[in-house]
Amino acid sequence: TKQSAEVRAQQDAEQGAQDPRGAGEVIEHFIDGRRHGGSERTAPVYNPATGQVAKQVLLASAEEVATAVEAAEAALRGWRATSLAKRTAIMFKVENIIRERTPELAEIVTAEHGKVLSDAAGEIARGLENVQFCTGLMHHLKGEHLEQAATGVDVHQIRQPVGVVACITPFNFPAMVPLWMITTAIAAGNTVVLKPSERDPSASVWIAEAFAEAGLPPGVLNVVHGDKVAVDELLTNPLVKAVSFVGSTPIAQYIYETSAAHGKRVQALGGAKNHMVVMPDADLDGAADAAVSAAYGSAGERCMAISVVVAVGDTADPLIERITERVGKLTIGPGTDPASEMGPLITPQALERVNGYVSGAEAEGATVVVDGTKQEFEGDGFFTGVSLIDHVKPGMKVYDEEIFGPVLSVVRVGSYDEAVRLINSNQFANGTAVFTRDGKTAREYQFDIEVGMVGINVPIPVPIGAFSFGGWKKSLFGDTHMYGPESFNFYTRRKLVTTRWPEPSESQINLGFPTH
Ligand code: NAD
């Protein structure tokens, strides 16, 4: 039997307070090219598959964060002057290191996050797409030139780095999301302070060391661990010029507002509630496979997970039958076991929260078809089974809130129009998918739906690295999407230069406003 999350958290905090260095390894900061100790404040890092506190992570004070920011500021001058050829060579090298040592990094991700090893390797591959994109940094940083804009006058635009950039990342993609941000920021000539999630912070340190091995000079990429204290220093320190954030919506909104109030450029990606519409003409077996993969992969802890199936017309019953059949065969277990298809949740608090949505669903008027909370697991890992809930409606907690666990809801609607109205009324708008065999319906859906990323018979439409990633509404605060071409806009300032080389004899005084 599991202890209540609160009791567990209390005991773990006490363990940390009594003997911060006692519970195994201490995860240190990485500042100015080397690992860096810090103050005594720490947080427990679990192995979610065993439920044990495996490590402690340092939680930086504001002063310690300021030290990292100053290291980044000190490195800025040299790094922005570094030739693009040298930067490109570093990108190729780090791509090689991460690709060749993917199994090593995947093990670190699995040990602290819990996801299965193949899924960890998958997130690393998706993160590497942005490193590959950044090997083309010479192309992405090209400016524009206009000859003879006025008589004898040329205009050109150059892209320059913004300065010190803060990158603040969530627990659910401890390798991919840092790679989305830091790689482009560095490629564009900025220096970085990365503040990864304190729940699974080791992957970020590993990545920073890989960049150092690839030849990145000290101070260009720094990692500080911490909580709100560290984040608040990053949001208010005047040396930080831009903030990239991915996490939950309330924090994203806070990051957006606080950074903007302190004069910083900011992009803050938030939470999600991703709907998958199944039309009556869809291939129901294919749709059921897609729903199961996209809802329960990584235990539903993906910002692009499908959490709601919108069954149009009479598709609900046959679809639920097919999904139920498939979930009965899923293997849930430690991420290190090759037989496991789904691992545990991240913390005891997450387990209690996710299970709470399922146990409360019937009282809200929904029907729990598969109750994962009843599944028994050996040991103290943060495991839960997968759940499927039918007759879900807006107004129920299970529909209105982001669950971020292996819980799939089914909303029954009568028509395509009703499906679109439902989705367009939702506060979140990260991803969505439509399953149909009809091209016209698919094209209409793409036109009608107010969501940032759309899949047509593709359940998790995360854009490939040549495009950028971002939702709409409360899934993204700001206007620039993450990684790919838009991120080169975010991490550079455009400078316009107007040039004229007149003959000395042409010189004259003219107080009028310059026109062409
Ligand atoms: P979170 O918002 O709790 O934490 C994200 C980061 O913010 C962490 O580094 C954390 O230390 C920091 N933070 C937490 N509370 C803070 C506070 N009060 N003040 C300042 N900083 C604070 O998110 P999480 O639980 O780590 O990640 C899961 C969430 O991230 C989900 O909502 C998920 O949808 C979202 N997410 C979104 C995307 C996307 O692309 N839109 C991608 C991945 C995850």
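**Note on the predicted model: cores, helices and ligand shell**

1. Start with Ala311. Leaving aside neighbours within four places in sequence, Ala311 is in contact with Val278, Ala316, Leu319, Val410 and Arg412. Contact here means that two C-beta atoms, placed from the backbone, lie within 7 Å. Ala311 sits in strand β14. Helices (H or I, at least four residues) and strands (E, at least two) are DSSP runs, numbered from the N terminus. Ala311 counts as buried because it has 27 C-beta neighbours inside 10 Å. The cut-offs: buried is 20 or more other C-beta atoms within 10 Å of a residue's own, exposed is 12 or fewer, and partly exposed is in between, with C-beta atoms placed from the backbone. Between Ala311 and Thr191 there are 120 residues in sequence and 48 Å in space, C-alpha to C-alpha.

2. Basis of the model. It is predicted; local features need pLDDT of at least 70, side-chain atom pairs count only at pLDDT 80 or more, and totals for chains, interfaces and linings use all residues. Numbering runs from 1 along each chain as its sequence is written.

3. Overall form. The chain has 17 helices and 23 strands. Its C-alpha trace spans about 90 × 60 × 40 Å along the principal axes. Of the 516 residues, 53% count as buried. Among contacts between residues at least 6 apart in sequence, 71% join residues at least 24 apart.

4. Two cores. A nonpolar core is a set of buried Ala, Val, Leu, Ile, Met, Phe, Trp, Tyr and Cys residues joined through C-beta atoms within 7 Å. The largest has 88 residues, of which Val192, Val193, Leu234 and Val243 touch the most other members. Helix α7 (residues 176-187) gives the most to this core, with 9 residues. A second, separate core of 71 residues includes Met276, Val327, Phe404 and Val420.

5. Helix α9 (residues 228-236). Its buried residues are Ala230, Val231, Glu233, Leu234 and Leu235. Their cover includes α2 (62-81), β8 (164-168), β9 (191-195), β11 (240-246) and α10 (249-261). Leu234 touches Val65, Ala166, Ile168, Val193, Lys195, Val240 and Val243, not counting residues up to four places away in sequence.

6. Helix α11 (residues 284-296). At 1.5 Å a residue, its 13 residues should span 18 Å, and the end C-alpha atoms are 18 Å apart, which agrees. The expected span is 1.5 Å times one less than the number of residues. Buried in α11 are Ala287, Ala288, Ala290, Ala291, Val292, Ala294, Ala295 and Tyr296. The buried residues of α11 pack against β13 (274-278), β14 (306-312), α12 (316-327), β17 (407-413) and β19 (431-435). Ser298 follows α11, with a positive phi near 55°.

7. Positive phi elsewhere. Gln148, not a glycine, has a positive phi of about 60°. Gln148 is placed in strand β6 (residues 144-150), and counts as exposed because it has 9 C-beta neighbours inside 10 Å. Phe404, also not a glycine, has a positive phi of about 60°. Phe404 lies in the loop between α14 (397-400) and β17. Phe404 is buried, with 26 other C-beta atoms within 10 Å.

8. Ligand shell. Of the 26 residues around the ligand, Pro170, Gly247, Ser248, Gly271 and Cys303 come nearest. By class, the shell has 11 nonpolar, 10 polar and 5 charged residues. Ala, Val, Leu, Ile, Met, Phe, Trp, Tyr, Cys and Pro count as nonpolar, Asp, Glu, Lys and Arg as charged, and the others, Gly among them, as polar.

Conventions:
Near = placed C-beta within 6 Å.
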